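Trainee: I would like a close look at a single part of this model, taken slowly and with the terms spelled out.

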Amino acid sequence: MLRGDLVPDSTYDQRLLDRKGPTDWLHMDPWRVLRIQSEFVEGFGSLANLPAAVTVFGSARTPRDNPDYEMGVRVGHALAKVGYAVITGGGPGVMEAANKGALEAGGVSVGLGIELPHEQRLNEYVDLGVEFRYFFVRKTMFVKYSSGFIALPGGFGTLDELFEALTLVQTQKVTSFPVILIGSEFWTPLVDWVRTTLAKTGKISPSDVDLMRITDDPDEAVRIILEADRHRAGA
């Protein structure tokens, strides 16, 4: 209901059919809702027929001659060999490595890209790619279609995705799935801080630390995910 000065001086139909006027409406929040909706529809439609999948996170800045890159290839290969599709953010670095490993092993290699201020195309090893404008839509796709998360060394983006996954599992907003950190030298100081600072001061429960598993062995990571899937199937 609108009264007084709030009553517009034209109707919605008039404004819709008027060829004159500014185009600011294209960038207003009500229109953004439709863009957001279209991204969800595109993502759900593109990924609906994926086999069981695992999301692999890690730094986009990792060069190809870095040991973390080779580990990413091994992770993608190990996952594909047991039938998992590999989902990454579709960028370079560790993401590219995991996609490469999956593709070379004959698996399904998925990249969910994001629009960034600097140009970043989907890497050449992605055979199913979707580009997103909105981080939260992209994150929904990571969670909805994954049986587990594997994090290799990375920066703010990797940490953001890691702790969001942990929060969703901790708060039971998603069906529990394993969160595995590959690279003990890199991740152990962080997990120690979580244990000795967050848990010790009551910011989280001591059992929450166990939501993360650290390993240096891609095959062990795959075994953890397979066991969790079997447990869910038998539940």
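Is Thr-62 buried or exposed?

Mentor: This is a predicted model, in which local features need pLDDT of at least 70 and side-chain atom pairs count only at pLDDT 80 or more, while totals for chains, interfaces and linings use all residues. Residues are numbered from 1 along each chain as its sequence is written, and side-chain values use heavy atoms, with hydrogens and water left out. Thr-62 has a relative accessible area of 10% and is therefore buried (under 20% relative accessible area, with exposed meaning over 50% and partly exposed in between, for a 1.4 Å probe and protein chains only). Its place is the loop between strand S1 (53-57) and helix H3 (67-81), where helices (H or I, at least four residues) and strands (E, at least two) are DSSP runs, numbered from the N terminus. Once neighbours within four places in sequence are set aside, Thr-62 is in contact (heavy atoms within 4.5 Å) with Asp-68, Tyr-69, Gly-93 and Val-94.

Asn-123, in the loop between strand S3 (109-114) and strand S4 (128-132), is also buried, at 8% relative accessibility. The side chain of Asn-123 makes a polar contact with the side chain of Asn-99 at 3.0 Å, and a polar atom of the Asn-123 side chain lies 2.9 Å from the backbone nitrogen of Tyr-125.

Conventions:
Polar contact = N/O pair within 3.5 Å; in protein donor to acceptor, adjacent residues only side chain to side chain.
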